[in-house]
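Notebook open, model loaded. I want to go through charged pairs, helix packing and a few loop residues.

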Amino acid sequence: MADMDGILENKDKDYGIGIPVANQNYFVKGADNLDWGMKDRLSRIFRPSTGRTVMLAFDHGYIMGPTSGLERLDLNIVPLIQYADSLMCTRGSLRSVVPPTYNKGICLRYSAGSSILTDLNNECVLDPVDAVRVNASAMAVMVAMGNDKFEAKTIENLVRTADAGYKYGIPTMGVTAVGKDMARDSKYFGLASRVCAENGANIVKTYYCDGFAKVVNACPVPIVIAGGKKLEEKEALELCYKAINDGAMGVDMGRNVFQSENPAAMIQAVSAVVHEGLTPEQGFEMYKDLSK
């Protein structure tokens, strides 16, 4: 038992009498009512100082194999990790290549299935315990909205993932897939993003389009845009700039970084546009300066 001698008497000021308790509004859209663990994980993905994120995506191999720029993850990706806020990757590449000392938020590719050799979108989800093992900050599940064969199945995957996420305190990212027969407009992306959020996604990854502000404002959770196909460096920076100005809370860049002539310079320029408000012209000048 503690010795009662020498215990000081509490003063009124010690209790903060007359000072109201401050409301703690969380900085991530739609996350005020989430558990502490989910908020902690979201803060590893979204930078608290800006509320935005630059994700480095290199999960392409789960359907595409060693695509251009990802032949050697240890040589092509590991040097870039330091410049990213978070990583979008598979559990295989995470365990085999990513140094745990970097302490980056991990958006784990949580669905897997058919490859580019067959019919895409026929996917299942992983075991949530494995997401816990690798300390994932989010679990990313592909949703094939508008696909007659796999829409219901992939939405079910999202629901099951969200259920596991709320159980274990891990946020869910809904990733909207775009097939060759699907529209790439605000009506489609607005529907797909909203369906993901309504079914439990805490983050939505989708594509930028005309009228993107409507997509963002109709979605109650943060939207991160996909980089998509490789663009010229200045054009990719313009994509980032327009998406952020229209309300996106970050970008998930893959091919526009690791297929760039200077990937390290490119991801730093992207980060400056997203977090520091550089214009595409300023970002491109930064890219050129870092490439010298």
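**Charged pairs**

I started at Arg194, which is partly exposed, with a relative accessible area of 38%. For the record, I take buried as under 20% relative accessible area, exposed as over 50% and partly exposed as in between, with a 1.4 Å probe and protein chains only. This is a predicted model, so I keep in mind that local features need pLDDT of at least 70 and side-chain atom pairs count only at pLDDT 80 or more, while totals for chains, interfaces and linings use all residues. Residues are numbered from 1 along each chain as its sequence is written, and side-chain values use heavy atoms, with hydrogens and water left out.

Which residue does Arg194 form a salt bridge with? I found Glu198, with the closest N and O atoms 2.7 Å apart. My cut-off for a salt bridge is a side-chain nitrogen of Lys or Arg within 4 Å of a carboxyl oxygen of Asp or Glu. Both residues sit in helix α7 (residues 186-198), four residues apart, which is about one turn of the helix. Helices here are DSSP runs of H or I with at least four residues, strands are runs of E with at least two, and the numbering goes from the N terminus. Glu198 is exposed, at a relative accessible area of 53%.

Next I looked up Lys205, and its salt bridge goes to Asp252, again with a closest N to O distance of 2.7 Å. Lys205 is in strand β8 (residues 203-206) and Asp252 in strand β10 (residues 250-253), so this pair ties together parts 47 residues apart in sequence. Are these two buried or exposed? Lys205 counts as buried at 10% relative accessibility, and Asp252 is buried at 1%.

Then Arg95 and Asp130, whose side chains meet in a salt bridge at 2.7 Å, N to O. Arg95 belongs to helix α4 (residues 91-96) and Asp130 to helix α5 (residues 128-133), so the bridge ties together parts 35 residues apart in sequence. Arg95 counts as partly exposed at 48% relative accessibility, whereas Asp130 counts as buried at 7%. I also noted that Arg91, Arg95, Asp130 and Arg133 are linked in a network of salt bridges. How many salt bridges does the structure hold? I get 13.

**Helices against α12**

I checked helix α9 (residues 233-245) against helix α12 (residues 280-290): the axes come within 9 Å and cross at roughly 135°. The axes are lines fitted to C-alpha atoms, for helices over the stretch in contact, and the angles run from 0 to 180 degrees between N-to-C directions. α9 and α12 are therefore oblique to each other; under 35 degrees would be roughly parallel, over 145 roughly antiparallel, 65 to 115 roughly perpendicular, and the rest is oblique. The contact (heavy atoms within 4.5 Å) is made by Glu233, Lys234, Leu237, Glu238 and Tyr241 of α9 and by Pro280, Glu281, Gly283, Phe284 and Tyr287 of α12. I sorted the residues of this contact into five nonpolar, one polar and four charged. For that sorting, Ala, Val, Leu, Ile, Met, Phe, Trp, Tyr, Cys and Pro are nonpolar, Asp, Glu, Lys and Arg are charged, and the others, Gly among them, are polar.

Helix α11 (residues 263-276) was next, with its axis coming within 9 Å of that of α12 and a crossing angle of roughly 150°. That makes α11 roughly antiparallel to α12. I listed Ala265, Met266, Gln268, Ala269, Ala272 and Val273 from α11, meeting Gly283, Met286, Tyr287 and Leu290 from α12. This contact divides into eight nonpolar residues, two polar and no charged.

**Loop residues**

Where does Val221 lie? I found it in the loop between α8 (212-217) and β9 (223-226). Val221 is buried, with a relative accessible area of 8%. Not counting residues up to four places away in sequence, Val221 touches Lys29, Ala197, Ala201, Asn202, Ile203 and Val204. Val221 and Asn202 are 19 residues apart in sequence, yet 5.8 Å apart in space, C-alpha to C-alpha.

Last, I looked at backbone angles. Asn103 has a positive phi of about 55° although it is not a glycine; its place is in the loop between α4 and β3 (105-109). Asn103 is exposed, at 68%. Asn135, not a glycine either, has a positive phi of about 60° and is placed in the loop between α5 and β6 (138-143). Asn135 is partly exposed, at 39%.
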